Amino acid sequence: MVDCIVTVKGVPDFREGKVHFKEDNTLNRGETPTVLNPSDRIALMAALEIKVKHGGKVTVVSMGPLGYKTVLQEALEVYGDDAYLFSDRQMGGADTLATAYTLGMGMKKIGLPDIVISGFKTADGETGQTGPQTAWLLDYPIITHVISIEVDTGNRKVLARRLAGEDIEEIESPLPCYIITDPNFEASYRSATHRLRFLKLQEETRARAATIDSVFKAWNATELGLDPKKIGLKGSPTIVNKVEAIPTAPRERTAKVISGKDDQALAEVAKQIAQAIRG
Amino acid sequence: MPLTWTSKGNYQDMWVFCEQNNNQFVPCSIEMLGEARRLMDKYNKDYSADEKVVAVVFGYQIDALVQEAIERGADVVYSCDDRNLEHFLLEPYTKLIAKAAQGKDTYKSYDEPRYFLFPATNNGRDISATALAALDSGLASDSNLLYINDELIRHPVKTKRGDKVEEIVYPRILHMKRPDFSGFEWSTILCIDDEEKDFHPQACSVIPGSFKALERNSQRKGIRIPVSFGLVAKDLRTKIVKREALPKEADLTNKDVIVSLGRGIAKNPTQGIKLGLELAQVLNADVGISRGVVTAKYPVDPAYMQYIRDVRQVGETGQKVKPKVYIALGISGAIQHKKGMDKSKMIISVNADPNAPIKEFSDVFIEGDIFEVIPKLEAHLARALGGTK
């Protein structure tokens, strides 16, 4: 049995048509719906792979407003046995260090697992810092940019392959440990037993997601026993001083503008392209 | 008159973590040293100070690297030369950084570094996060513009005195600017002390390619401070069992023709990728994507997953390409995308928005829905290229 905790986050839905900009080209968060961070889906798939192969429990945790329950619901659709939301007005405005502290304390209250899994970067903040910082505060060994995991339950070890810049490394670490999945992570199910179990677990988790309340808990700062000086704005060393639209590039080329409906003009462009390739 | 903030501790110098791979600095390491040199030369002039650029170099048999760090701009090099540190390992490297940054020695009498830079590479980002967790201070990520000056701050927590939020001048603040989201927003991140607690070092990771390295200058002098190893078994609990070079996937940097896809594929991502691939096949081209596609993580048919992965991203934080012909399909054209493709000889863009910024750096701008334009263009190209295929 290998117990996992997966951290997830709600982020603005960056798909075209969903994302709204203000007039100055900055993101209009109020108008943009919140969804499960896409990278976290990969972390959940990794936890599901471990559950299929070794059993155990997958717990999903997040920090954010109470409305993030829908985000946890989305997470449970991928996989989760239960879900916790750390939610308190005092936690608002947290940077990565304050978030890492809050997540770490939450995990301690739930009970520290064999493996913590986070996705690589959130689609909004994109710092990629919260996972490593949480691992550091928990004093868990960390393996980042992981593309595949094998757990050796007998020897209480993990063997993971990771992308290290220009190299692939195989890393061995004792359990418990903290895994950060790379966007290129792939789960592999070679045996029929595993594939059947995968399908069964998927069906069960979708049912849980639909009626999330029986497996969902929200805890505030007091319930988590958090030091008010270490959370939210107060616990955050950094501030965002200014957000501005990046100026668009000055004109460098004067484009010949043609309509996509103008067949003759398209034929002409095709000829120019052909010439440029030959030349 | 606003108050002027004075930190409680003593902080000095700009530290730079110089990542190496197989005993060569990754390019970002020497780029950061160059920028640190420029920033601190100006800082010393502006504040009549004499603060240093301090490089941190770990590895095995690294004498040449220590020398190079000095020749590239460092005044002081903290080094640890140990067989266990030959390849990057997050935990021991973090412990050693914390030890050097918080300790006192023959050179360092101050409490902690004032500023700290890390490369925004896979390993550099990770260690920036763990090192700053260990040093209990703040960190911006992926900066591409830095400057130091005094800043008037008004902040609901940082400058709250009693019940009142004051305006306070924070001197010598490192301004860390980072492009956000798909490259349309620029945030300035600051790391600021509050009334009860100092947050130093002020740190960030730096996007590779943002700054220019200095030429090596063998006349430059510097001092080397060894950090004693002193790690215990627990610090080495993660082990590299095997290490092999990654086959370079989707290298677009030497292609003659590139077809790139942007968020214009959103209404049917799978079909959009398919059309892009078909066009690429006619042109004998490879396929790139914009950062917008990487961020959006569209649900696509598994057979096409490889075409929406970050390895194919063209732009400031992806590959920098210079083909004979670059065809941008449904890419709006943030400046960060431009930085990856503006050296292309001929740029053709297709976009439904007649005001898409990419028009300003295209040779031909085809206004239209990519789902309609691509098949037509492809047919014409097949004819135009007929003789050479």
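Strand 7 (residues 142–152) and strand 8 (residues 157–164) of chain A run antiparallel and are joined by six bridges. Within this pair, Ser148(A) stands opposite Arg161(A) of strand 8 of chain A. Strands (E, at least two residues) and helices (H or I, at least four residues) are DSSP runs numbered from the N terminus, and two strands pair if DSSP finds at least two bridges between them.

The model is predicted, and local features need pLDDT of at least 70, side-chain atom pairs count only at pLDDT 80 or more, and totals for chains, interfaces and linings use all residues. Residues are numbered from 1 along each chain as its sequence is written, chains are lettered from A and ligands numbered from 1 in the order in which they are written, and side-chain values use heavy atoms, with hydrogens and water left out.

Ten strands form an open sheet with mixed pairing, in the order 11(A)-5(A)-4(A)-1(A)-6(A)-10(A)-7(A)-8(A)-9(A)-16(B). Strand 11 (216–219) of chain A and strand 16 (239–245) of chain B each have a single partner strand, so one side of each is left without a neighbour in the sheet. Helix 3 (residues 96–110) of chain A lies across several strands of chain A, including strand 4 (58–63), to which it runs at about 145°. Axes are lines fitted to C-alpha atoms, for helices over the stretch in contact (heavy atoms within 4.5 Å), and angles run from 0 to 180 degrees between N-to-C directions.

A second open sheet has parallel pairing and the order 13(A)-21(B)-20(B)-19(B)-17(B)-18(B). Its edge strands are strand 13 (256–259) of chain A and strand 18 (286–289) of chain B, each pairing on one side only. Five bridges link strand 17 (residues 257–261) and strand 19 (residues 325–329) of chain B in the parallel sense, and Val257(B) stands opposite Val325(B). Helix 7 (residues 263–278) of chain A packs on this sheet, and its direction makes about 150° with that of strand 20 (346–351) of chain B.

**Chain B as a whole.** Chain B has eight helices and 21 strands.

| Property of chain B | Value |
|---|---|
| Box filled by C-alpha atoms, along the principal axes | roughly 75 × 55 × 40 Å |
| Buried share of the 389 residues | 61% |
| Share of contacts between residues at least 6 apart in sequence that join residues at least 24 apart | 68% |

Terms used:
Buried < 20%, exposed > 50% of the residue type's maximum accessible area, 1.4 Å probe, protein only.
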